Amino acid sequence: MPRYLAPGLGLVILTAIPRLAMAQASTEDLVRQGAYIARAADCMACHTNPGGKSYGGGYVISSPLGDIIATNISPSRQYGIGNWTETQFSRAVREGIAPEGHLYPAMPYTAYSGISDADIHALYLYFTKGTKPVDLPPERHTALPFPFNQRWLMAGWNLLYSTGKPMSAATTAAGGTQRGEYLVKVLAHCSTCHTPRNIGMSEDQSRFLAGADLGGWHAPNLTSDAISGLGGWSDDELKSYLRDGAAHGKSQAAGGMAEAVEHSLRHLTDADLDAIVRYLRTVKPVRNPNQSRPGFSVTTGKPVDLAVLDAPINRSPDALTNASSINGAELYTGACASCHQLNGQGTHDQFYPSLTSNTAVGGPTAQNLVMAILKGVNRATNNGTVTMPAFEKQLNDAQVASVANYVLQRFGNDAIHVNAADVTLLKEGGAKSFLVRYAQIAAIGGVSIMAVLVFVSLIVILYKNRNSSKE
Amino acid sequence: MTIQYDADVIVVGSGALGSNAAYELLKHGKSVIVLESGQSIPRWKIVENFRSSPRKGNHNDPYPNQPWAPTSFSPGYIENTGNFKFLPGMLRLVGGTTWHWAGATWRFLPNDMKLKTLYGVGRDWPISYEDLEPYYGRAEFNLGVAGSDTQDQSGQGSNHQFPARSTPYPVSPEAETYYFQRLKARLAPEGFNFIHEPNARTNQPWDGRPGCSGNNNCMPVCPIGAMYSGDVHARHVQALGGKIIENATVFKLEKGPDGKIVAAHYRTSEHKDVRLTARYFIIASNGLETPKLLLMSDVANASDQVGRNLMDHTGMGLQFLADEPLWPGRGQVQQGGIFNWRDGDFRREHSAIKHALTNTVPNRAITQHLLSQGIVGPELDEKIKDWAARWVDISTVFELLPSPSNRIQPSTTRRDALGIPTMTIHYDTDDYIEKGAAVAKADYAKFVAGMGGTVINDNTGWQNRDHIMGTVLMGDDAKTSVVNGECRSWDHSNLFMATTGVIPACGVVNPTLAGVALAIRSADIIAKEV
């Protein structure tokens, strides 16, 4: 009910509507509210396989630990969450403990722990009454390697790292004073990707939203720092990026961020986008010590020698067939310049974005440039779908490195250089975390298994203690 | 004893038709080897070959012309003996000649397939539109075809969709260019029916391809891969475990004692001969190389029709300057055309006619024309600016009738670098299209008058349109046709043709989509038997 209605008028309406109809309208409103919360929390991106049925699961999340398969969260009684009570639902979403056991933190329950009681109720109503059951068995189950397949170990992890409490609906509902913080920290769970993780794979809160690597991509620094973060972006640019996945002259969304725009952010209200922008302005600045100027600060490309570019080439059949060149200029004109143009300025309307004034090219890492070349870009927006083809089948790793270096040299951060091995590593998902590298080695080494078991036992004891102290 | 085969199916040729057939067979779980005389080249390299080419008007120029895989433009490769120089721009590389086409993907009309029955000329197809309809839908899906679900594509001006479809077009049509809008606005009132051209230049992301952004360079190469080319399904074939052997020119199909084909023999670029066996064979080497291979192998020709009945949509053109700027060259290289003469009782007397509105950036054509008139200096610059805004280019095609004397044969005197015969083509135009040409020229006069135009050229003479049909035509009688309605050889039950050469009545529409649909249909049939 709109807040500005005079109490007297409200009373008239309330008495005029039969009780039953009002109860129905109220449930409908809550389902609608839940649908919006589900959008803001981006449940769709992971729990719907591209081309599959809504919330039917099956999407593969490539985690540093291995593939995690998102589950069916439709109201199917057999394969989904149709039999869950609201308490069970709340516990799964906010604490990571489903009736069947512990969830992996690919499900961002550490963020969702802050969901208000009102919103979790609306979300439960939406998933049980507002969505259609998908009665299909899963094609694949999560099967992480030992020791990560021991889901009960997550109890210990949760004890160490899961600390959130539900926020109050009074301040987090639309228009509330903490709405922006609630959207960023809790629903949109920005820190899941944008906050670096410590050796235990938990978010390092001292560097909240300072940027992190994920599956080869780099989720950039969202702090208010003027050089490494978003301090140099205007409000309009930030809002345009959140809504359309593109801020001309700054950056564009690809990889996981394209999915976040497609499934979640572009569906948010203007007021909520404004609230996000306002909150981001308050995030403690974190400067990357290796960065001295913003990633978008290279505004003009270095010129190219047309005489070299237009020199006659060998036109023998063998030469016309031979595609092994690692000449960055040749690769750029053949593969990139049709859209991004000879001098990297993109098209006039920026449908094809400029490579100059672009954080993917001028920033402190070339990861997103390399990943965009390899995997392409695919982003549905409210104004059509944006696509860049993937080049991983057309260019080998050395060629990707040389064209990336050409782009860095001419249009962006000419201080960084990538080689074929860097490209190969990113293609495979980037450097593995400490926990992944060492836990498996520890598990394989006979003596170390004892250490793991001791560690695990300790966790179990702590966990039991916590449970008993609750009761 | 169990016979061991190298593959369930061998496909000769990796173009759009061969690759789609191989892809469908792989989806059915069959093992497939594709033999390709050319090589695989990534798009960026072909774009770079084009960018650096001094011969931008030669559509084969960015593509290699290897001694062991000569393109049709290789000097002396095609020897002509008729009144018309038949010289289509065929390529030899993985993905085939759809690397350069304009992606026109019309369906034939039901009446196109009953030409003899309805109008007493030419031949009928042995299958009906309804037989092919579901496969058209699958072909359109594979190619990501953009088309209108509301137009009467027969050009007869009805206000409902025709021909009937069981599935909507996978992609909705692109917006009309200003050029198309203005021509339609001024000529439609004169009674000309403008129809949007369904096309495989997707305007939305499709199957890893980006949407067309109007580079206007479909021929010789789409620089971004928005336009469909056979390389898309050649890659899909490899992703599904199919094997594509490059530099493998098939020169002989080997007959077994039971009348089946038992092996394909190919020669490598190193002149090494290899024999591969399979249960089934699909020949998808285009409408010229396919009959040449059959004739060289002395197979499938009990009817003596192999290589005969060669048809193209032999055409002509009109260029004129309109009295207003139309800004041709923005967007797609073609977007549709005028279809009043697509079907009707007149087909008893003269050929069906399609007028396509060419929308290629005209600067090169204009400059060449002006230079040939001796115009240079500032006047040249001024005229290019003026003409490029007002240029109208109509590309007209005609429906040929099959004639046994129009034929392609292996050369008896010349051989290529591998020692394989080159080809001899005899092609005469006939009265049926000459009568059509008179009708088209009357239309030309109306177009020019309707646009307040000044003619630049309305007498181009006959031109190649690169739509090769008829050379291994299908029919319902083994005595008069090469393959049956399944595209299966009448003489060898395990030999199929996947080429537009099977088309026995050619209408006026670009035949590639029908070829892909027939190839998918053949693949389904083979999958049930292997």
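**Notebook: loops, helices and a sheet**

I started with Pro163(B), which turns up in the loop between helix H4 (129-143) and helix H5 (178-187) of chain B. Helices here are DSSP runs (H or I) of at least four residues and strands are DSSP runs (E) of at least two, numbered from the N terminus. The bond joining Phe162(B) to Pro163(B) is a cis peptide, with omega about 0°.

Before going on, I noted that this is a predicted model, where local features need pLDDT of at least 70, side-chain atom pairs count only at pLDDT 80 or more, and totals for chains, interfaces and linings use all residues. Residues are numbered from 1 along each chain as its sequence is written, while chains are lettered from A and ligands numbered from 1 in the order in which they are written.

**Another cis bond**

I looked up Met219(B) and Pro220(B), and a cis peptide bond joins them too, with omega about 15°. Pro220(B) sits in the loop between E4 and helix H6 (231-239) of chain B.

**Positive phi**

Which residue has phi near 35°? I found that His189(A) does, a positive value in a residue other than glycine. His189(A) belongs to the loop between helix H9 (179-187) and helix H10 (191-194) of chain A. The cut-offs I used are 20 or more other C-beta atoms within 10 Å for buried, 12 or fewer for exposed, and partly exposed in between, with C-beta atoms placed from the backbone.

Then I went to Asn286(B), where phi is near 75°, again positive in a residue other than glycine. Asn286(B) is part of helix H7 (residues 286-297) of chain B. With 27 other C-beta atoms within 10 Å, Asn286(B) is buried.

Ile61(A) is in strand E1 (residues 60-63) of chain A. Is Ile61(A) buried or partly exposed? It has 17 C-beta neighbours inside 10 Å, so Ile61(A) counts as partly exposed. I looked for its contacts (C-beta atoms, placed from the backbone, within 7 Å). Apart from neighbours within four places in sequence, Ile61(A) touches Cys46(A), Ile68(A), Ala70(A) and Ala106(A). I also took the C-alpha distance from Ile61(A) to His47(A): 9.9 Å, for residues 14 apart along the chain.

Thr142(A) lies in the loop between helix H6 (117-130) and helix H7 (153-161) of chain A. Thr142(A) is buried, since 21 other C-beta atoms are within 10 Å. Its contacts, leaving aside neighbours within four places in sequence, are Ile68(A) and Ile69(A). I also looked at Thr142(A) and Pro389(A), which are 247 residues apart in sequence and 30 Å apart from C-alpha to C-alpha.

**A sheet in chain B**

I traced an open sheet of six strands in the order E4-E10-E11-E12-E9-E15 (chain B), with antiparallel pairing. Two strands pair if DSSP finds at least two bridges between them. Which strands stand at the edges? Strand E4 (194-196) and strand E15 (454-457) of chain B do; each has a single partner strand, so one side of each has no neighbour in the sheet. From one strand to the next, the twist averages 30°. I zoomed in on strand E9 (residues 315-321) of chain B, which pairs with E15(B) in the antiparallel sense over three bridges. There, Leu321(B) is opposite Thr454(B) in E15(B).

**Two packed helices**

Helix H1 (residues 16-27) and helix H11 (residues 512-529) of chain B pack with axes 8 Å apart, at an angle of about 30°. Axes are lines fitted to C-alpha atoms, for helices over the stretch in contact, and angles run from 0 to 180 degrees between N-to-C directions. That makes H1(B) roughly parallel to H11(B).

**Where the chains meet**

How many residues does each chain bring to the contact? Chain A brings 20 residues and chain B brings 26 residues. On the side of chain A that touches chain B, helix H15 (317-321), helix H16 (328-340) and strand E10 (384-388) each give two or more residues. The largest share, seven residues, comes from H16(A).

Conventions
Angles under 35 degrees count as roughly parallel, over 145 as roughly antiparallel, 65 to 115 as roughly perpendicular and the rest as oblique. Two residues are in contact if their C-beta atoms, placed from the backbone, lie within 7 Å.
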